[in-house]
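Try each one yourself before reading its solution.

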Amino acid sequence: MNLETKNGIVSIHLEPKERLWSVHESQQIDVSLDSIQSVQIDRPKTTWKEIKAPGTYIFGFKAGTYYTERGREFWYAQKGHSCLCLDMEEGYYKRIVLGSPQAEDWCILLQSLLS
């Protein structure tokens, strides 16, 4: 997974295995910087009130699209990795959670672009 910012757009590039596990057809997810409400390093708590459609959940590994009481979310996170959490005001996803060794660096980058 790789994150790139250009012309006010945050592009999340997914590797083939990440697309497979998350059942995501597109190679990337684009989010406007203007639609991002908050950026933090956090793995949000989950509840039983989630619908996986489509996605994968195996013992701490969560990938794909989930419908929650907050709205549609995209997850690619596994236990033991820091998670970048993007909360959106508008757009296709209301929240994106990405587990990666680069999560803290991405968070610093995005927070600097938003301020």
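Predicted model: local features only at pLDDT ≥ 70, side-chain atom pairs only at ≥ 80, totals over all residues.

**Exercise 1.** Which side chain meets Glu 50 in a salt bridge?

Residues are numbered from 1 along each chain as its sequence is written, and side-chain values use heavy atoms, with hydrogens and water left out.

*Solution.* 
- Start with the criterion: a salt bridge puts a side-chain nitrogen of Lys or Arg within 4 Å of a carboxyl oxygen of Asp or Glu.
- The partner is Lys 62, at 2.8 Å, N to O.
- Now place the two: Glu 50 sits in the loop between E4 and strand E5 (51-58), Lys 62 in strand E6, 12 residues apart. Strands here are DSSP runs (E, at least two residues), and helices are runs of H or I (at least four), numbered from the N terminus.

**Exercise 2.** Is Lys 62 buried or exposed?

*Solution.* 
- Cut-offs first: buried is under 20% relative accessible area, exposed over 50%, partly exposed in between (1.4 Å probe, protein chains only).
- Lys 62 comes out at 2% relative accessibility, so it's buried.
- Glu 50, at 19%, counts as buried too.

**Exercise 3.** Which residue forms a salt bridge with Asp 87?

*Solution.* 
- It's Arg 95, with the closest N and O atoms 2.7 Å apart.
- Check burial: Asp 87 is buried at 13% relative accessible area, and Arg 95 is buried at 11%.
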